Amino acid sequence: VSLVKGMGITIGYFVSPKKIVTQQYPENRETLKMMVRFRGHVSMVHNDKGEHLCTACGICEKACPNGTISVLTTKDISGRKILGQYIYRLSQCTLCNLCIEACPFGAIVMGKDFELAVYDREKLTFILNTSQGESE
């Protein structure tokens, strides 16, 4: 019975190919839209001035089960704690989304980039509080 059902679905797609099932990657790289539920690497939200929303509270660092995130703080002129560096290690990340859910300020989001293959593992460490998210 399951064989007949499976063949019915296959023949249905063969006879009327109106619904696109697969994406023609890399030919459609410019028009490819990732799904809303897709989880790429962690990105930091910046406003128009290039300023981030992170207050260096460290909740995302504590929520991460792998130690992927390091929040290094510093002090400004008035002695307040501010963000010095926000280090994110993609090579250790499991893309579990726990850091995003834990952030009370919405300062980090899951990005939509998926072409992240590199030859050197060191290029998978990012400093996110710069306006470009440079790699270390």
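How much space lies in the second largest cavity? About 70 Å³ of space lies there. The model is predicted: local features need pLDDT of at least 70, side-chain atom pairs count only at pLDDT 80 or more, and totals for chains, interfaces and linings use all residues. Residues are numbered from 1 along each chain as its sequence is written, and side-chain values use heavy atoms, without hydrogens and water.

**Exercise 1.** Describe the lining of the second largest cavity.

*Solution.* A cavity is a set of points, on a 1 Å grid over the protein atoms alone, where a 1.4 Å probe fits but cannot get out; lining residues have an atom within 4 Å of a point. Step one: 15 residues line the second largest cavity, and Cys54, Cys57, Cys60, Tyr86 and Cys103 are the closest to its centre. Step two: by class, this lining has 13 nonpolar, two polar and no charged residues; Ala, Val, Leu, Ile, Met, Phe, Trp, Tyr, Cys and Pro count as nonpolar, Asp, Glu, Lys and Arg as charged, and the others, Gly among them, as polar.

**Exercise 2.** Identify the salt bridges and state the accessibility of their residues.

*Solution.* A salt bridge places a side-chain nitrogen of Lys or Arg within 4 Å of a carboxyl oxygen of Asp or Glu. Step one: the count is two. Step two: Arg29 and Glu115 pair at 3.2 Å, N to O. Step three: Arg80 pairs with Asp76 at 3.5 Å, N to O. Step four: Arg80 is exposed at 55% relative accessible area, while Asp76 is partly exposed at 25% (buried is under 20%, exposed over 50%, partly exposed in between; 1.4 Å probe, protein chains only).

Notes:
1 Å grid on protein atoms, 1.4 Å probe; cavity = no way out; pocket = protein on both sides within 12 Å on 5 of 7 lines; lining within 4 Å. Points joined across faces, edges and corners; volume = space filled by probe spheres on them.
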